[in-house]
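Here are my notes on the model you sent. Please read them with the coordinates open.

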Amino acid sequence: NSVDAGATQIEIDIEQGGAKLIRIRDNGTGIHQDDLPLALSRHATSKIVQPDDLAQIMTLGFRGEALASISSVSRLTLISALANATGWQLAIQGDALAEMQPAAHPQGTTIEVRDLFFNTPARRKFLRSEKTEFDHIDELIKRMALSSFSVGITLKHNQRLIRQYLPAQTPGATQERLMALCGTTFVEHAIHIEAEGAGMRLHGWIALPSFTRSQADLQYFYVNGRIIRDKLVAHALKTAYHDVLYRDRYPAYVLFLEIAPTQVDVNVHPTKHEVRFRDGRVVYDLLRRSVHDALESQKPGETAVAFAAAPPPRQYNTQQISIPSPSYSPSPACGRGFHSPITKEKESDTLTPTKIRVQENLSSYHTTADTAASPSSPPLPLLPLGNALGQIQGIYILAENAQGLVLVDMHAAHERIVYEKMKTAYAAQHIPIQTLLVPMTISLSEREADCAEQAIPFFTQLGFQVERIGKAILAVRGLPQWLAQGPVEQLIRDVISDLLEQGHSTRAQEQIDKLLGTLACHNAVRAKRRLNLTEMNALLRDMEKTEHSGQCNHGRPTYVQLSVEELDKLFLRGR
């Protein structure tokens with residue numbers, strides 16, 4: 001309510017985790033004397049004037065329920081004053097409304113809640129510990145502070161100042177506030193994102209894959225300033241980070257989506273934490289592509305820029321790719337095997353899992369690279385990953401760049417290069433279909449069968465030939481060769497489940513990417529393989545032009561940068 005009233009400063013006092021006192025004071029527009037009793041009435045709000053306003057809600061509050069609910073289980077005092085006017089005070093205890101009285105108060109509003117649940121002891125005894133209840137308040141204030149950078153917020157607990165978020169009007173102040181809210185490490189690994197499309201605007205910060213979390217506790221997404229937790233949004237962002245996160249890690253982000261209020265329904269859940277988009281598919285595509293492009297734009301050696309506008313999003317085309325030409329040999333499961341190189345075989349026009357070829361050895365790799373080490377190589381500042389110096393144990397490449405020392409896991413790095421080339425090759429060709437001699441029948445519910453029948457064009461695009469042959473039976477007559485050996489029935493059921501729940505599915509593509517990742521791992525150079533400087537530099541140059549080359553297919557880092565300052569610290573230089 002304070003934010004809706006245009007407040008630029010909000011002061012919050014909490015005692016005993018909120019059980020004894022919750023006081024909120026702001027410098028907003030204030031409430032007119034005649035509206036004070038109405039503000040405490042159920043289902044009364046000044047934010048909805050006519051029924052059509054419900055279809056274009058831009059305020060955070062609009063139901064008129066909060067104050068009435070709180071006043072019924074506490075001793076509540078409401079004080080407010082308009083600009084250049086006398087303030088007025090109204091107190092209520094349970095359902096007993098006291099007489100309104102004049103009060104000295106600057107422009108704005110103060111709401112004081114004392115003895116929460118004093119008249120409902122059964123509810124009061126279910127309050128958690130003082131610390132737990134205050135932690136919930138602290139997290140809520142953090143969410144509000146992230147969505148309202150121009151509003152200063154102070155939070156006190158038991159007369160002790162806990163948080164003070166200063167208003168942020170400049171990039172420097174914004175950076176300081178974001179560091180206070182999300183931590184210095186997040187800011188150091190975050191990049192700014194700015195994208196527009198289909199009448200929507202997406203902006204905010206996303207963390208690079210080098211900064212991840214063990215749980216989804218640093219994921220903040222706002223729609224028109226309102227924080228939400230939406231399955232469609234979560235899936236879109238998870239897909240954007242696909243194949244760059246390590247195992248069960250979670251990405252971190254603070255993102256804001258601005259959309260026409262007529263295109264989103266915020267009145268679908270009592271807590272207002274869920275929304276329903278009129279065209280969820282368009283929103284999904286904007287989120288996934290914008291975040292994917294921002295991550296893709298970060299090449300090795302580049303520094304994350306968190307407080308400058310990101311370049312405009314590139315056009316996204318899913319039908320681009322050429323056959324890969326990997327040049328090393330593999331190790332299983334992104335490990336460090338010691339097997340001999342795979343021998344070179346004849347190239348095939350059709351790309352299938354059994355027809356991915358590699359060069360016989362690495363000695364010819366530099367002939368296919370755009371640049372390689374030579375006396376005329378560019379100076380160090382022009383090479384993000386620098387020039388190779390040598391190898392350690394046949395596993396790591398040492399390189400020198402303008403910042404200092406670069407350590408590269410050559411297998412992990414080459415694995416990503418091969419994987420991206422394979423994805424490009426796959427998308428460029430027509431998907432090879434394997435026709436089944438005996439169609440596979442899948443029993444579904446009638447609702448699932450209806451969904452599958454409507455989604456036949458989608459299945460066809462993925463390479464599946466499906467047909468509804470009964471009220472609740474689906475026949476699969478053909479499928480992509482890439483998935484012929486996989487759990488096809490379960491995959492189709494999962495795809496249908498996604499379509500019913502989210503209106504789209506990426507499971508088939510994820511299965512293909514998983515297979516390509518396995519093939520890339522087996523086609524990447526192995527540990528203990530000795531490379532010459534030309535071959536090492538060719539690998540570094542390929543890393544610099546390959547998207548997501550900072551991580552292998554399994555999310556492991558491919559290189560580490562050590563600055564001269566960090567090296568000096570190791571040897572206590574300058575102390």
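The points below go from the whole chain to single residues.

1. Confidence. This is a predicted model. The mean pLDDT of the protein chain is 82. A score of at least 70 is reached by 85% of the residues. The stretch to flag is residues 308-371, where the pLDDT is below 50. In the model, that stretch still has 158 contacts beyond near neighbours in sequence.

2. Overall make-up. The protein chain has 575 residues, and 46% of them count as buried. Its secondary structure consists of 15 helices and 23 strands. Take the contacts with a separation of 6 or more: 70% of them join residues 24 or more positions apart. The accessible surface is about 28900 Å². Carbon and sulfur atoms hold 51% of that surface.

3. A helix pair. How do helix 10 and helix 12 pack? Helix 10 covers residues 446-454, and helix 12 covers residues 488-502. Their axes are 10 Å apart and meet at an angle of about 90 degrees. Angles of 65 to 115 degrees count as roughly perpendicular, so helix 10 and helix 12 are roughly perpendicular to each other. On the helix 10 side, the contact uses R447, E448, C451 and A452. Helix 12 supplies I496, L499 and L500. By class, this contact has five nonpolar residues, two charged ones and no polar ones.

4. T558. This residue sits in the loop between helix 14 (533-544) and strand 23 (559-563). Is T558 buried or exposed? Its relative accessibility is 1%, so T558 counts as buried. Not counting residues up to four places away in sequence, T558 touches L407, V408, D409, A412, A413, M543, S549, G550, Q551 and C552. M410 is also worth a look: T558 and M410 are 148 residues apart in sequence, but their C-alpha atoms are 7.4 Å apart in space.

5. R163. Strand 9 (residues 160-165) holds R163. The relative accessible area of R163 is 31%. Buried means under 20% and exposed means over 50%, so R163 is partly exposed. Which residues does R163 contact, leaving aside neighbours within four places in sequence? They are D138, I153, T154 and L155. R163 and K142 are 21 residues apart in sequence, with a C-alpha to C-alpha distance of 9.3 Å.

6. F117. Check the backbone here. Phi of F117 is near 65 degrees, a positive value in a residue other than glycine. F117 lies in the loop between strand 7 (108-114) and helix 3 (121-124). Its relative accessibility is 13%. The cut-off for buried is under 20%, so F117 counts as buried.

7. N224. Here is another backbone to check. N224 is not a glycine, yet its phi is positive, at about 50 degrees. The residue is in the loop between strand 12 (219-223) and strand 13 (226-227). With 18% relative accessibility, N224 counts as buried.

8. To sum up. Residues 308-371 have a pLDDT below 50. F117 has a positive phi, and N224 has one too.

Methods:
Residues numbered from 1 in each chain as written. Predicted model: local features only at pLDDT ≥ 70, side-chain atom pairs only at ≥ 80, totals over all residues. Heavy atoms only, no water. Axes fitted to C-alpha atoms, helices over the stretch in contact; angles between N-to-C directions. Helix = DSSP H or I, 4+ residues; strand = E, 2+ residues; numbered from the N terminus. Parallel < 35°, antiparallel > 145°, perpendicular 65-115°, else oblique. Contact = heavy atoms within 4.5 Å. Nonpolar A, V, L, I, M, F, W, Y, C, P; charged D, E, K, R; others polar. pLDDT = per-residue confidence, 0-100. Buried < 20%, exposed > 50% of the residue type's maximum accessible area, 1.4 Å probe, protein only. Areas by Shrake-Rupley, 256 points an atom, 1.4 Å probe, with all protein chains shown as cover.
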